[in-house]
Structures are given as structure tokens and as C-alpha cells.
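Keep it brisk, and give the cut-offs as the terms come up.

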Amino acid sequence: MLNYNPMKNIKIFGLVSSLVLLASCQEEFLETYPTASLSQEQVSAAVAVNPDAAKGTLLGIYQQLYARGSGGTTAQEDFGVHLQHMNLDILSQDMAHLGKSYNRQRTISEMTTTLNPDDSFNYMPWRFLYRIINLSNLVIDGLGGDQAELTTNVQKHTMGQALAARGWAYFYLNHLFVNDISNLTGPSVPIYTASDQLEQPKSTVGEVFNQAIADLEKAEVLLDGFVRSDKIEFNQDVVRGVLAYTYGALNNWTKTYEYANKVVNAGYGKMSPAEITVLGPDDTVGGFNDVNAHQAIMWGVTVTSSQELASLFTWWGFIDVWSYSYAAVGNHKGMDAGLYSKFRADDIRKTQFPFAGKSLGYVPAYKFYNTTAQAKGWRTFSGPQVNVDSDAHYMRSDEFHLLKAEAAAELGDEATAKTTLKNYLSDRITDVSYIDALSGAALQEEISVQTRLELFGEGKSYFLMKRQRQSRTRGDNWLDYKGETFSHNDERLTYELPTNELLFNPNITDQN
Amino acid sequence: MKTKLKGLLAFLLVFAVQIAFAQTKTVSGLVSDQDGAPLPGATVLVKGTNKGTTTDFDGNFSISAAQGDVLVFSFIGYVTKEVSVGNSSQLNVSLAQDAQALEEVIVTGFGDVSKKSFAGSAKVVAGENVSQKSFTNVSQALAGEVAGVAVFNTSGQPGSTSTVRIRGFGSVSGSQAPLYIVDDAPFGGSLNDINPNDIKSITVLKDASATSLYGARGANGVIVITTKRGKDAGNSINVQVKTGTNYQGVARYETIRSPEEYIGIAWDGVYQRGLRAANATTASATAYANANLFEIPGGGPVSDLPTIYNMWNVPSLANGNVDVAALIDPATGTVRPGVTRKYTPESWGDYTFQDANRNEVIMTISNVGENSSVYTSFGFIDDIGYATNTDFSRLNGRVAATHKIKDFIDVNTTLNYTQSESNNNGTGSSSSSQFWWVDNIPTVYPLFRRDADGNKIEDPIYGGYLYDYGLERGRGFGFATNGVADAKINVSRSKANSVNFNNNTTMNITDGVTLENNFAYQYYMNDGISLNEPFYSPAKGQGGLVSRDRAETKNYSIRTGLRFKKQIDEFNISAFLSHVATAYEYNYLSAERSKLVLPDGIDIANGVVNAPGYGYTDNERTESYIANVNTDYQNKYFLTVSYNKDASSRFINNRWGDFYSVGGAWALTEEEFLKDSKFFDFLKVKASYGTIGNSGGIGLYPGYNLYSINNLSDNISLAFTTKGNKDLTWEKSNQFNTGVDFEIGGFFSGSVEAYKKVTNDMFYDRQVGPSVGYASLKVNDGELINQGIEFDLDFKILNKGDFKLSAGINGEKFSNKLMALPIDPVTGEQQKFSVSGLYGNESGRSLFDYYTKEYTGVNPTTGAAEWTAYFEDKNNDGKFNTGDVRINSLTPYVNDNPEANIQSEKTDVYANATNKFLNKSIIPDVRGAFRLNASFKNFNLSTLFNYQLGGWAYDSAYATLMGNGYAGTNNFHVDIRNRWRQEGDVTDVPRQDAALQIQQNSSSSRFLTRSDFIALNNVRLGYNVPKSVANKLGLDNADLYITGDNLWLASKRKGFNPSTSITGGTGIYTYNPLSTLVFGLNVKL
């Protein structure tokens, strides 16, 4: 018979129980770390040992300028600042939407976005610009806050760039979400100066401009002596450019002139006709697809195929009729016919629009073309579908020649205004003597027109429209609202505060 | 630890040997059923010991037992019998079939209990119910089988896995997906790894007392799959051959098929637009329509229909335009009689949809020995979809072995290998979708390019004819693409290999105490292959593009536990304590090159220009301690209590969570007062309550602030992207379940259950004002209540001689209510409202309450679509005018301005209309399935219908087909025939006006559709070859059958299939599930 020994069984039970319990793992077993992105702790660890990663979080701000999804959506249009430049050109009525295939940007040109806070085109710039502000604040906080005493040049230059980015973003926000920027006491957007602040109430237009100026002027000082390694970085001149625009928005023409003039004299020159258009079959200089090829380009990003930008998700896909994307397949955008008609007959810039009078209309096919379009004999879809390597520029010195002329005219110094404008246009228009005869409003209008013609598609006209409190009329090549006139403070030209800000910022309940 | 184990084993071996000293003799005999047919694989046990055997192929057994021992004979589906060993060593036993389906075994928490004693909520689905359907994996086959389990067959892509939801929608931001358990271990592989034919049974666990046994991750229900062993099949060779066809049996939307009708509608649109110009007359509008129906170069286009697509023999005008006056009769707005075609554009569906084959062969070999059994199966399936280049093929082999070693160690091992390949061209959600093209391209556009004379052009590269990519002059639909052509000439393929291993060891330590160990490992490698060929595809600018990606998944789980069982008189107790650790690792790697040498070479070496590669690894770990006690007294009162402590690597500061459950049942028919009831054969009431957890749906690293790694001009750039929450912890839900199981009068049985599930500490992506720099933050907050009732009823209607008829119906009715939104840290109060797509969320409403604009119909004077616009009427004159405030979104406006005087009016400007709650939700009144089964002699017929009543779905595909674009931009649903044409027309379909009325078909209540449906899910007609005939053929058994799946569906409109998504909503890219007819032959040797 079975020899039962209870003690033995109890022992076994005890042994096995403890075995079960011992089998429990160490707490490290439950620790896992991401690899596709990095945790804040991993970033700190990398920065501590890897000099190549030291600038990583600062460069992370710049990367958002063109990153897909920086506006917080998965939309193909969500590619940062250049989407805004294009939308703003449409809203300022300079860029006509010539075809709606695939419905891209349709609600911008039909101006329903700007009445409907649910439309994600409102959310994208809001999220994008506040992302820039938050990333800047993270860098600023990392240096001890914007009041910190900085000792080394590296610290000063890092702080200077972060402040510049923050100021730049507030400059944009104050235009994109405010109907009338001339009303300095009117409501604008909230201000954040630290990365961990909870939702803030609206500040006034004046307060936001003041914040931008404070950040930019501080940056200007801190960036003294900073030599950048890449054109994407803010240096003193780019900061001065943004300052000139900000003072322009405030109609402080003395300061505008001062800063514009500083940039003009900073040694960037201006872009030559050969750089801004295609002058002949052997011309390989031009185009805006290589920011380092043109000295006058002050600020922009060098795009390499390693950045993995697909044509469908870039500015190129949306503006360049040669790329494999929407602009080539019936969703093309070109210059407003009324604006185009302002080109003088002897203006070389008309060659930027080789399809004028043909089915494509005033598309800037010889202004914005990807790096391979020319080599491939101007063939449709000559650009790559993925891994685009055409650059994007955000600022060029030309802007400040024109802004200097504008400020001089505003200040009543018409002589300087005329000289500046004539000098600027002399290689673009054969006979610039007509300018001598202009004065007063006519001169100001001419400077404005030349700014719009020169900077078409570069997102500058919207700011001009607002600082000059202009009205603009849609030409007859638009699909909607042709012939209608829009004032700078028209509700339909300014984004709505996005729904999520209204719903989830308890301090904000209404539109501007 | 290894040495410790060895010592223990040695000790146990010695211990076991001692047992063998009892005096015994060999008892042998035959186990048969009530009709005398032998029962192979029946279990014979010496009561009170672990000594046992199973009957062989002929039902014979032999076992050594002492005189006076009691032998226990059991077989699934039969009443267990106990017989004492007497003098004789010969013992023949006949087992009676168990009439009560209630004797089903429920596999729960690493052990089996009979359904009779089960206190929780579960439903067992027999393996046959699943393998009889023509599906490649279990998820699709579950549809209609269990009350409270909703299965959404989201795609017709062969081999696709369905979305399964158990008891409503348990979480706002967390996962709502159930946990799968295969052979007692959490399963993280692909469901396609398991051949449905190898499945013995599926148990769906729904309530807390059942699901908590698997640790905390069962909050959304648990699906327990048990695979077959040798003892389930006996000694046999079984061959199944199935052959059949896949086709599109459920209707597509009814669209305009005639090019003449299409061009007439397009003309009317342009005409109506012309009519709305200043000072327009019918004559000026006709002239406008004639001039603008086709797109001419340089014209101000309201048309995207280039003149080269004029397919009719009508002349051209001097300006290159088509002479539309010769084509269209303005009086009727239709093509003039007598106009002939230059060519007939292909019907695109004819070239991309086809009836296709489905073939399957399964062979299983099973062998049962005294102490071991082996089950081996091989399966091959080739399943081709009705859309071009969509298919799935799979080869799988499985070996399952059971061993009994030294009388006290049981080892149960399975090894499964699966290789599969799937092509899914043209099934994405983009302009490459074949389905988008077939329904939405205007019928004037041909599939093949035409020359000026209307002739097709030969393709110099691939042969055949050149596909039309619409490039020449910009086709208004899908300019520069051709989804059907791309589906044919490109490659979109995935090849998977997987190995699943599962080993379960149990050791009987002493009377009633067992040590268990289970190790399960799943390896899954997928090779994704994508090729865009160099001449026509989207990558032609780069000379073609090939990309490959490898995704490797490794999962393992180790469970160690102790089980204890004891009977004291009429009191039974069983308990277990176990520890489970799981690890998941996912590794991804991709490479890509362009400029291809061979147009169809799918290896990276075939390209010469390198594109960036990518790769990363994800990890997840979990750990659980689980304790459970089950008791019953007199087979009448049942109580189960469990506790578990779980940890997940997803959480940082609060990794561990505590969970518990308790359940009880009372078998009333065991009581004296009901024991002899003629009415109740069986009656049990039960209730359970418990708290269980969820860690899914929040990503693997929700605790960390995450930074993206980017290349900025070849420098490292790191950008903060996602706000983490280190305090995030388990989402908990408190679940109460009660129900009754019954069988009445031998013909009516079933169960009715009610549940309430309160989820708090809920995963909630709390939205923030995006100005803070991020969009949302994951928190444990808010509260959600799901409650409902479920019924599952079976009727044995007739049982007369050779004819049997039975029916069953199941269903669920549930509600889903958000009770609290998360706290806003700025105010310290709950957020009041949020919007998620078409749904608005506020306390007291379901997560799926429609919040959009309200369509009020068509203005009979203008033909424009109209919606309701609300405004704050500041001057209180009932009209919107200066000073009044337009309201974009009603609920937050009222929240912010409770005193506002709000009025409404109709508007034909969509942008002015107001978003509001429509008091409609996706939640149906009732949904479920019913079946009707009949058998006559050797024939049997079974049917399964799914149904849903109540609830609303947004028919987005239909909305697209009711659009109002420029001429040539999209095809129409036939309902467009009912559109408003002239003043006084009373209709629900607004005018066509070539996009003049902006956003005419944008989201609104206009496209909310009742999601009622009834569908014939499965029908099967079988014939069992009489045993005598089969035996003459040298077979043990043979049966033939025809089965049809997804044969028919009736819904609000043809093509609208609300069963393909959780919300019932449709999409323009949907691959509607296949219909399948299969003939099968099943032979047992």
C-alpha cells in the first residue's frame, strides 16, 4: 500500500510554492524603452555623450518647419511653413486656384476654411506655430529660462536661436488668426513663455507683437558673432529681417527702415534674373530648389533624399507642375490674372510663367521647379515620387530691398524709395525710368505691386496686405468669387481659432 | 533554479514508484454508445487515482486495477458512468448520450469546468461550427455564433482578420479588442496561423469572474481557443477536400452605368449653373452648358471632362470643343436619339472583378496509445478574391502530442508551422483602390487609351493595350492614375512564416495537488514586398521602385502554477495559484531602391538608387499573479473567487494593479422542490462581480515624453512629439453579470443574461488647447457605462424518426453611456464636451452619438440643399441679421452662453449651418443571429442569419456618389435621377449645379442611414454517406456538403453594408466581403 507521509507532502508543497513565487521576475523585466522615438531621458543620455546630438533639440525646432505632420494631422498638406506660405498667397488673392482635382486646398480658395473652425486647415497652422513655440520654450527652459544669465557663446547662440524661433512664431500667429492687426487692443492669441504652462487666455494684438519684438531683439543681441553652419539656422540677419516685418506690421516705419536697411547691407546681395527664372535652355543656375546655390537666400532648408519627403507631401508636390503630385494633375495654382497684368511688357520675370495664355495659365513653372525638371527636359512627373531632394527657402534678401523702399516711401523719403526700387528692378525690367515719375500713393502702390510680383508664391504678400491695410480683387482666372474684392480685415481671409482650442482651452470661448 | 527543479523531479519519481506497489489485475473491455457503436478515445480512470487510459480505435480498453476499485468511464457528450471492478477482468460499458447541451465543457482559466457549474458568462462554440464555414481564420467565422459578440468582416481581402467586439465599447481611448488565449497561453501571433479545422472548441468569456482568470488584460472579453489532440479524433485518418468559388454576391451600389445617362446628368449640372448667372435665361444657360460641358484648353472650367473623351460621333467645333448642341437635346437634357458611339468605354468592373477559386485540402492523422497520443494535420488553402490580384494561400502543419509519463506527469505539446502568401493589390485607401475606380469613375472614361479614331493602342512593353492613365489632357477623375491598371502591373504582396510552440506540463505531486507549467512561444515573420513598375506606375519618374520590409514578432509566455483539488463529502473545492510572465518583441526593418533593371524584379538588388532604410524594435512585458478558488456544495451551490495582481511595462510609476472577482451559481433543479419538475429539466441562476483591467490601445510607451529622431540636412534633430504621463496606470472596469440558464420540457433551452460594466480610471486622451504645444495627454479619467442584456435560445422543434428540426436565436441589446469626461486641470472641473469625427461626446450620451449638421431637405424653389443654422438672436427678431452671432457648434455655445436667446433658420450655405446632436447613434436596438437546422435521414441542412435592427450609420460611399462636382469628376448613384430639376420639384435630392453650391454633399444628417440589415451568413447542406456504403468503400465514414457563406444581405439600399465596420459607416475604398460557395468531401479512414 501507499506509504503516506503527510510531512513529506507538506514539504513538497512548501518547496513548490516557493518555487512558484521565486519564479517571479526582477522589476527590470518590466522596463522597456522606445527605439522608434526616444524618451526625454534617452535624449538627455545621448546629448551627454554624443557631441553630434548636442544640438539635436535645437535643430528639432527647425525640422518642424518642413516636417510632415508638424500641424498635427495626417493630411498630405501638413508640411509646415510652406503650406502656410501657399495658403496665405491664396488668401491674399495673389495665387489663383486654377484647378480643383483631388480637392486639395479647395476649402482655402473657396474660403470656407476661414469660416469653419472644424476645418483642419485652421488647426494645422495653430498647432504648427505653437509647436514651434513649445519646442523653443523647451530649449529656453533647458538653459534656465529666458531671463537666465548665460556665460558661454554656445549657450548664448542656442538661446538666441530659440528666442528667434519663438518671436517668429508669434509674428505669424498675430497675422494668421487676427482679422485686423491695426487694432492693437483687439484680441489675439495666447502667449506662452515656458514649456510647462497650462492653457493661457488670449493676449491683445499689441501684447503679442511686443512679445515677438522682445524675443527677436534679445535674439539679435545674443546672436552677435554667431556663424551658422546651415542656412536653416537663425542668424542675426534673419532675425533682423523678421524684426523689420514686425515693425512694419506695427507701421513703425523708422524701425522697419532701420532693420530692412541692415539686412540690405549685410552682404547677401539680391537674386539675379538668372537665379529666379529660366533664361535659356542651357541655364542651370536658376530655381529655388537649392538654397546654397544662391547667396541671396538667407534662410531655408537643404533637403536631402535622406529626409524622406515624398512628393505628395511637400510644397513641391503642391506648387511644382513638374513634380509627381497634385500641381501636375489638375490641381494647379498660378498668379492671379489681375496681378499678372501688372507685369510691364519688358519684365523678365514674365518668363517665370511659360504657360501664360495656354491651358495651364499663370503657373510659376519656371520659378518653382524641382531639381530634376530641367535635366529631364521639362517633362511632367520628372521629379521623384518619394525622397525629394529639392530645397525650400523661407527668406531672401530681395525682400528687404523692397521693404526698405516701402518704408522709405512711408517715411516720406521718396528719393530713397525710388532709388532703392529702381536699383532693385534694374536687372528685371529693361526700362525702370517710369519710376521717376511716380510719387505719393502711386509710388507706394508700385512698390507694393513689385513686391507681390517678385515674391509670388513665397508667402510674403499676405503680410504686405495686412501691414498696408490693403484690399485685393480676384482676377478672372479664379474658379470662385472672381471679380470680388476683399479687405485685409475680411473675416474670410483669416483663419479661425481651431475647434479644439475653443473646446479645451477653458480661457478661450470665442473667435477673434 | 535548474538544480532545484532536478532535485524535485528526482524526488517525485521516487515518490511515484511507490504508488506502483498496489496489488492489481488487468481489466479490459469495450466502451460503446447506447446503440452499441464503439466509442474510441473515451477516458477510463481508476477513481481516486491518476491511473487512466483511453479506449482505442475500436472502443477497447485495458487497465490495471484492483478488485473493489471504481472505474470511471467518460466521454465528451456522454453521461459519465462509474463501475466497480469485480471478479471478472472483462468489463463492457455502454454510455448514454447526454441530452443536455448544458454538459458542455467550458475552458476557463487554465482548466475546464462543466457549463452546469459555471458561475460566469461564457459561450462554447464547437469547432465544427467554425470549420464548416469557408473562412481562413477563426475571427470571421465567429460571426453570429455568440450573443453579445459582434464580428465585423471589414474586408473581402482573402485572409483578412475581422474586428471582434464583446459587449459594447469598453473604453474611450483604450483598446476595445478582446484577448485571445490559445491552448492556455495568451496568443500574440496572427489568427491566420491557426487552421480553423484544428480547433476543437472556442469559448467566449464575457464576465469578470471568467475573464479575470487570465490576468488583468481580459477587460474586453476573452476568446479561448482549444486545439485538437489525438484523443479528440481517435485513431483515424481524415481527409477533407473543399473546392469552390469566391464571387461578389452582395450587391454593389447601383450606379449610373450608361455613358449617355451620365453625360446628360453632367450637362444638367452645367446648365443649372448657367441658369444661376445674372440675367440668365434658359437659352443662355443652354449655351453655357453647351460651351462648358467639356473642358477646353484655356477655358474657365466648370468641367474636368477633356474633349478627347468625347466618345460619340458628334462633330468638333472650330475652337476644338465638342458640338454639344448636336449631342444633347436641351429640352430633355439627354443625349439626342440617333447619336452613335465612336467607341464604348469598358465597364471597369468587368476587367478587375472576376469569380475566383477557393480550394482547400486538409489531412489529419491521429493516433492514440496507452500513454500517448499524436495528432498531426496538414492543410493547404488557396483562396483568390474577386478583385484583381487579391489572394491568400497558406500551408500549415501541426503536430500535437500528449504524453503520460510515470503515471504522474502529463506533457501536452503542440508545434505549428504556417507559411502564407497574400497579394493585396489595389486594396489600399487611396487612388489606387480598385473599388473606388469601379464605382466612382464616370462611365464615359475608358479603361484603355483610345487614339483619335477611338481605337485601342497596343502596349509595346507588356503586350495587350495601353491603359488610360488620363494623362493626355487631364482626365477629371483620377488624373495620372489608374487603379485597375496599377493593380494588374504592380506588386503588393506579403509573405509570412510563423512557428507556434506550446508546451504544457502537469505533475501530480500528491493527491489533489498538481504543479503546472506552460510555455508558449509564437514567432511571426512577415516579408512585405512592394513593386511599382518603371513605365506606367506612380514611380515611373524614378524608373520604378521596389521596397521590402521585414517585421518579426516574437512572443512568449511562461506560466507556473499550483492546482489543488479536494472533495470532502458533498463539498468540492479546487484552487489554483499561478504566475504568468509574457514578453513581446517586434522588430521592423525596411529597404527601398528605385531605377529598376527588370520591370518585375522584386529584390532590392534589382534597383540601383538607394533610398533611406528604416527600422526599430518595440517591446512589451507583462507579469501576473493569479489566485482562484472554486467550490461547490452538493452540486447545487457554486462559488468562485479570484484575485490577481498584474503589471505591464507600459506603465512607469504605477505598474501594478489589483483585481478581483467573485461569482456564484445556484442549480435550482438540484433542489428537492424542482428535482422532479416536469417543466424544468434544468434551471440555474448565477451572478458575478469583479474588477478587471485593460492596458491596450495606448501604445507601448505612453509614460514617456517622446522625441522623434529626424534628419535635418544630415544633422541629428530631435523634436518633442508626444506628451507622456508617468502616472498612467491600468484602466479598470467593474463588471456585474447575472443570468439564468435553463432547459424546459426537453425542447427549449437557453440562457438570458444581463450585465453592467462601469469603466473608470479610463484611458482617456484628454484633449488640451493645442496652444500648449501638444494635442492631448493620456490620463486615467472619466467614466463609461456599458450595459445590456443577451439571450441565446434553442428550440428543438421536431424530432420524429428521421426528421429533425431545430432553431436557435441569439441577440443583444445594449447601451453605452459616457458618464464623465476628464477633469480639466485649469478649472479643476470636468470637460463638458468633445468632438470625435462625426460623434459628439458629453456626459449622458454614448460615444457614438452623431454630432453634425442637420439636413432639412431641398428648397423646392431653388433646388438647393438646406441645413439648419442656429444663431444667437441678440435683437430677438427671429431672424439672423447684423449683431446676431452665428453658431458653428451648438452644444459648446450653449455651455458657454447659457442665457443666450437661440433661434434657428434654414440655410443653403453649408458653412453657416450648425453642428448639433441629432439624437441618433450607431447603437442598434437589437442585433444577433438566428439559425434553422433540419435533418432528414442522411441529409442535414443548417443556416445562419445575422440581423441588426435600429441604429444609424453614415453612408459615406453613397455621399460621394451623390456629389455635385464639375462635369466629369465623379459617377453617380442612380438616386441622382430623383434630383431637383425645376421649380416646384419636391424631392430629397438637391439640384446638380457643377459645384456652384459649395459643400452640397458634405457631412450632415442627409447621409445617415438606418443600419438595419439581415444577412444570410452561412448555409450548409450535407449528406452523410450511410455507414454500410462507406464501409464497403473501405471508409469508416464519409460525408459530402455544399456550403455557402455571405450569400445575401438586405439593407436600406443595395451596396450599403453596415456589417463591415464598427460604426456601420461605409467608405469608397471598401473591399466588400467575398461570397463563397464550396463543395466539400470529408473522408475518414
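Asn915(B) is found in strand β49 of chain B, residues 915–921. Strands (E, at least two residues) and helices (H or I, at least four) are DSSP runs, numbered from the N terminus. At 7% relative accessibility, Asn915(B) counts as buried. Buried means under 20% relative accessible area, exposed over 50%, and partly exposed in between, with a 1.4 Å probe and protein chains only.

Asn915(B) touches residues of both chains, among them Asp118(A), Tyr851(B) and Asn888(B), not counting residues up to four places away in sequence. A contact means heavy atoms within 4.5 Å. The side chain of Asn915(B) also makes a polar contact of 2.6 Å with the side chain of Asp118(A). A polar contact is a pair of N or O atoms within 3.5 Å; within protein, one must be able to donate a hydrogen and the other to accept it, and residues adjacent in sequence count only if both atoms are side-chain atoms. Ile887(B) is 28 residues from Asn915(B) in sequence, and their C-alpha atoms are 8.4 Å apart.

This is a predicted model: local features need pLDDT of at least 70, side-chain atom pairs count only at pLDDT 80 or more, and totals for chains, interfaces and linings use all residues. Residues are numbered from 1 along each chain as its sequence is written, chains are lettered from A and ligands numbered from 1 in the order in which they are written, and side-chain values use heavy atoms, with hydrogens and water left out.

**The interface**

How many residues of chain B are in contact with chain A? The count is 96 residues of chain B against 95 residues of chain A. The size of an interface is often given as the accessible area lost when the parts come together. Here the buried area is about 8700 Å², and carbon and sulfur atoms give 62% of that. Buried area is the accessible area (1.4 Å probe) that two parts lose on being put together, summed over both.

Between the chains there is 1 salt bridge. Lys726(B) forms a salt bridge with Glu41(A), and the closest N and O atoms are 2.3 Å apart. The term means a side-chain nitrogen of Lys or Arg within 4 Å of a carboxyl oxygen of Asp or Glu. Strand β28 of chain B (residues 607–633) gives the most to the side of chain B that touches chain A, with 11 residues.

**Strand pairing**

Two strands pair if DSSP finds at least two bridges between them. The pairs below include one across the chains.

| Strands | Sense | Bridges |
|---|---|---|
| β1(A), 37–39, and β32(B), 706–712 | antiparallel | 3 bridges |
| β23(B), 409–424, and β24(B), 491–510 | antiparallel | 15 bridges |
| β24(B) and β25(B), 513–532 | antiparallel | 19 bridges |

Leu38(A) has Tyr707(B) as its bridge partner in β32(B). Ser420(B) stands opposite Ala496(B) in β24(B). Asn497(B) faces Met525(B) in β25(B).

**Chain A**

Chain A holds 18 helices and 9 strands. Of its 512 residues, 64% count as buried. Glu233(A) lies in the loop between α8 (205–222) and α9 (236–249). Glu233(A) counts as buried because its relative accessibility is 2%. A polar atom of the Glu233(A) side chain lies 3.0 Å from the backbone nitrogen of Asp230(A). Glu233(A) also touches several residues, including Lys55(A), Tyr62(A) and Trp299(A).
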